Amino acid sequence: MKYIIIFIVSISFCFALTVPVMAMVSGPCSDCHTMHNSQGGSPMNFDDSETPNPFLTRGTCIGCHGQGGTELLVDGIPQVRHTNANDLAAGNFAYMLGEKGGGASDAKGHNVIDFGNLEDTLTGPPGGWNHGGGNPVCQPEVETFTCSGIYGCHGSTADFKDQDPMAAISGAHHTIDSTLDGASVGKSYRFLYGVIGLEVADWQNSSSSHHNEYYGKTTPRPPICQDCHNMAGGEGHLPAGSTITDLCNTCHPSMHEIEDGGDGIWIRHPADIVIPDTGEYADYTTYNIDAPVGRVIVPDIVSDEVTPGTDVVTCLSCHFAHGSNYPDLLRWDYSQISAGGGSSGEGCFICHSTKD
């Protein structure tokens, strides 16, 4: 019996050692860091730059994640800019840059300055609040919008002045994130501080049974001044347990204002609201990656089912986060969605199933 117990304990210990710890980085330190950015007379940065990076990394956010090749993953690093036939769940900045799809367009992606691609039309985020009729004061302008930090989406925004985007996510890649509760950058969904959800390991939404699970609420939260002011000068993040829509709301608040006059007539498409279980909506029961839904309780495993009356609409139900081949980062060509035929089961009609 003693030998059996020892054997079981040994097997359990070995199993514990082989179980991956979610998205926490593992492997040789030299894969991501370089002590002096020099080896054999050549720079060690992924982009061959001779300029060292903060925290001794071999690249900035884009230097690591936007190398612009043909692969979704480069040495295990997910690529947000690439020419692969497939895309990551958040989309692809390559559409905006004209490296993939139907041609370059500022409207196809979030215009982060990390790519050197400044927005030519807008001065700030669509639907952003203006103070006194000028450019948004506490929201990113086109010259400042970046991947992380005070003028980005990822990481902490606690330091209002001149925060380095790399500092905003410092330490997050090494956080034990077996539980995503939004309590820190590393324990938040995709390092979106405060946001929770379920992450698939390969960063892809590839089928009804293989996709991220997004957290959603049943009542949209009205945008408030503290959304910007608290993030900029206070704690530097959304409250733990926030939704993707809450995050979008911080830069696009007027897109989410509840202005239905109390009579149930929406003037903007709602988000963080339950999909009705009657009429046209009741037929959306099999998860479609072209119209992802939110869950009121983040599941432990991916589900291929949609439950009208319980699951919710989020901003990501219609938009990609990084970029797409269509204007406004949409998941489909809105100009080609035609009621009464021609677009059966596509785009808007995934939810509005009787109008096609």
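A residue is called buried when its relative accessible area is under 20%, exposed when it is over 50%, and partly exposed in between (1.4 Å probe, protein chains only). By this definition, buried residues make up 41% of the 356 residues in the protein. The model is predicted, so local features need pLDDT of at least 70 and side-chain atom pairs count only at pLDDT 80 or more, while totals for chains, interfaces and linings use all residues. Residues are numbered from 1 along each chain as its sequence is written, and side-chain values use heavy atoms, with hydrogens and water left out.

The protein has six helices and seven strands, where helices (H or I, at least four residues) and strands (E, at least two) are DSSP runs numbered from the N terminus. Along the sequence these elements follow the pattern α-α-β-β-α-α-β-β-α-α-β-β-β. Contact is taken as heavy atoms within 4.5 Å. Among contacts between residues at least 6 apart in sequence, 50% join residues at least 24 apart.

A nonpolar core is a set of buried Ala, Val, Leu, Ile, Met, Phe, Trp, Tyr and Cys residues joined through side-chain atoms within 4.5 Å. The largest such core has 18 residues, of which Val195, Tyr214, Ile244 and Tyr284 touch the most other members. A second, separate core of 15 residues includes Phe145, Cys147, Met166 and Phe191. Beyond its neighbours within four places in sequence, Val195 is in contact with Gly182, Ser188, Tyr189, Leu238, Ser242, Thr243, Ile244 and Leu247.

Ile244 also belongs to helix α6 (residues 244–251), which is largely enclosed by the rest of the structure because seven of its eight residues are buried. Leu247 and Cys251 are among the buried residues of this helix. At the start of α6, a side-chain oxygen of Thr243 comes within 3.3 Å of the backbone nitrogen of Thr245.

Lys100 lies in the loop between α3 (94–97) and α4 (165–168), and counts as buried at 13% relative accessibility. A polar contact is a pair of N or O atoms within 3.5 Å; within protein, one must be able to donate a hydrogen and the other to accept it, and residues adjacent in sequence count only if both atoms are side-chain atoms. Other residues in contact with Lys100 include His82, Tyr95 and Asn325.

Glu280 is found in the loop between β5 (273–274) and β6 (294–295). With a relative accessibility of 13%, Glu280 is likewise classed as buried. The C-alpha atoms of Glu280 and Thr354 are separated by 5.2 Å, although these residues are 74 apart along the chain. The side chains of Glu280 and His352 are joined by a polar contact of 3.1 Å.

Phe349 is placed in the segment after β7 (312–313) and is buried, with a relative accessible area of 7%. Not counting residues up to four places away in sequence, Phe349 touches Ile337, Ser338, Ala339, Ser343, Lys355 and Asp356.
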